[in-house]
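User: I would like to go through this model by question and answer, beginning with the ligands and then turning to individual residues.

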Amino acid sequence: MPKIVPKPIHVGIIMDGNGRWARSKKLSTTSGHEAGIKTVRLIVEESIRHSIASLTLYAFSTENWQRPKSEILGIGKLLIQAIKDQVPELKEEGVKINFFGQYKKFGSHALKMIKFAEDDTNIKKPKLILNIALGYGGRSDIVSAVNKIINSKQTKKITESSFFSYLDAPVRELDLMIRTGGDKRISNFLLYQLAYTELLFVETLWPNFSQTEYASCLNKFIRTKRSFGKRI
Ligand code: IPE
Ligand code: IPE
Ligand code: MG
């Protein structure tokens, strides 16, 4: 059994590689996303086991709206099914689910299910907060926060800390960000929140990412010296 991380941390994951996984198996792209959802479940379970406080998953970016309609439709359907299948169990396990981003275009059924998932898991003392970025882009989040500040006409000085509250993403700094699929980029994920995050890039395609590999990422993180610019 891998070592358990002792303290709660905020982990973000760019879940990349579903398309390549499907192609390598001569399956449809949607089957790749379906396999990716199975990995989500495994990683949620492992996060609870490691007492991770918050897990923020990048499920769909603003840029992903440019993908074929059929793929987007497939993702919407999988999302609805996953909520139906998994929310009761996740709630039982103490998982609180939040979605954020511009996900309206997934349609009214998806919106209804997202609201159901959030309302139904609105537990007081969750074991894990699971944030799902859907139709999210870091840059537009920052720009819309700036516009909110301008429009509010408020005169109080904005601080680095208070700026978070104007962002749509309901999350603070990430301690660790993992990207699967081999590419070393952020792809417009949580730009403001990633300022001092430890970044880990792994080759494994998301559907093949295992609990063991995730646990080894967490262990790598706790062995990392974080000095935040100071001489320590
Ligand atoms: C990530 O996997 C999931 C989404 C962006 C929705 P991809 O679909 O980007 O997989 P690759 O990068 O094509 O393999
Ligand atoms: C990033 O993956 C977005 C998600 C995982 C949701 P993409 O496959 O869309 O990003 P690029 O095209 O490699 O930058
Ligand atoms: Mg990709």
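User: How far does a polar side-chain atom of Asp16 lie from an oxygen atom of ligand 1?
Analyst: The model is a predicted one, and the distance is computed from its atoms. Asp16 is among the residues that surround ligand 1, together with Met15, Gly17 and others. Between a polar side-chain atom of Asp16 and an oxygen atom of ligand 1 the separation is 2.9 Å.

User: What percentage of the area that ligand 1 exposes when taken alone does the protein bury?
Analyst: Besides Asp16, whose polar side-chain atom is 2.9 Å from a ligand oxygen, a polar backbone atom of Gly19 lies 2.9 Å from an oxygen atom of ligand 1. Taken alone, ligand 1 exposes 380 Å². The share of this area buried by the protein is 85%.

User: Which element contributes the largest share of the shell around ligand 1?
Analyst: The surrounding residues include Asn18, Gly19, Arg20, His33 and Ile75. For Asn18, a backbone N or O atom is placed 3.1 Å from an oxygen atom of the ligand. The largest share of the shell amounts to three residues, and the element that supplies them is α1.

User: How far from an oxygen atom of ligand 2 does a polar side-chain atom of Arg185 lie?
Analyst: Ligand 2 has Arg179, Arg185, Ser187 and Asn64 among the residues around it. A polar side-chain atom of Arg179 lies 3.0 Å from an oxygen atom of this ligand, and one of Asn64 lies 2.8 Å from an oxygen atom of ligand 2. For Arg185 the corresponding distance is 2.8 Å.

User: What percentage of the area that ligand 2 exposes when taken alone does the protein bury?
Analyst: Arg185 places a polar side-chain atom 2.8 Å from an oxygen atom of ligand 2. Taken alone, the ligand exposes 390 Å². Of that area the protein buries 79%.

User: Which strand gives the largest share of the shell around ligand 2?
Analyst: The residues around ligand 2 include Tyr58, Ala59 and Phe60. The largest share of the shell is three residues, and the strand that provides them, covering residues 54–61, is β2.

User: In which pocket does ligand 1 sit?
Analyst: Met15, Asn64 and Arg67 are among the residues that surround ligand 1. Met15, Asn64 and Arg67 are also among the residues around ligand 2. Ligand 2 sits in the largest pocket, and the pocket that holds ligand 1 is likewise the largest pocket.

User: Which residue's side chain is joined to that of Asn131 by a polar contact of 3.1 Å?
Analyst: Asn131 is part of strand β4, residues 128–136. Asn131 is buried because its relative accessibility is 2%. Its contacts away from its sequence neighbours include His10, Ser54, Leu55, Asn98 and Phe100. The polar contact of 3.1 Å joins the side chain of Asn131 to that of Thr56.

User: With which residue's side chain does Thr204 make a polar contact of 2.7 Å?
Analyst: Thr204 lies in the loop between β6 (198–201) and α7 (211–222). Among the residues that Thr204 touches are Asp16, Thr180, Gly181 and Phe209. The side-chain partner in the polar contact of 2.7 Å is Glu213.

User: What is the value of phi for Lys26, about how many degrees?
Analyst: Most residues other than glycine have a negative phi. Lys26, in the loop between α1 and α2 (29–49), is exposed because its relative accessibility is 78%. Although Lys26 is not a glycine, its phi is positive, at about 55 degrees.

User: Near what value is phi of Lys153?
Analyst: Lys153 is found in the loop between α5 (138–152) and α6 (160–163). With a relative accessible area of 72%, Lys153 is exposed. Its phi is positive in a residue other than glycine, with a value near 50 degrees.

User: How far apart in space are Lys77 and Lys230, C-alpha to C-alpha?
Analyst: Lys77 is located in helix α3, residues 69–92, and is exposed with a relative accessible area of 59%. Lys77 and Lys230 are 153 residues apart in sequence. From C-alpha to C-alpha, their separation in space is 48 Å.

Note on methods: Residues are numbered from 1 along each chain as its sequence is written. Chains are lettered from A and ligands numbered from 1 in the order in which they are written. This is a predicted model: local features need pLDDT of at least 70, side-chain atom pairs count only at pLDDT 80 or more; totals for chains, interfaces and linings use all residues. Side-chain values use heavy atoms; hydrogens and water are left out. A residue is near a molecule or strand if one of its heavy atoms lies within 4 Å of it. A polar contact is a pair of N or O atoms within 3.5 Å; within protein, one must be able to donate a hydrogen and the other to accept it, and residues adjacent in sequence count only if both atoms are side-chain atoms. Accessible areas come from the Shrake-Rupley method with a 1.4 Å probe; for residues, only the protein chains shown count as cover. On a 1 Å grid over the protein atoms alone, a cavity is a set of points where a 1.4 Å probe fits but cannot get out, and a pocket is an open set with protein on both sides within 12 Å along at least five of seven lines; lining residues have an atom within 4 Å of a point. A molecule sits in a cavity or pocket if more than half of its atoms lie within 2 Å of its grid points. Helices (H or I, at least four residues) and strands (E, at least two) are DSSP runs, numbered from the N terminus. Buried means under 20% relative accessible area, exposed over 50%, partly exposed in between (1.4 Å probe, protein chains only). Contact means heavy atoms within 4.5 Å. Lists of a residue's contacts leave out its neighbours within four places in sequence.
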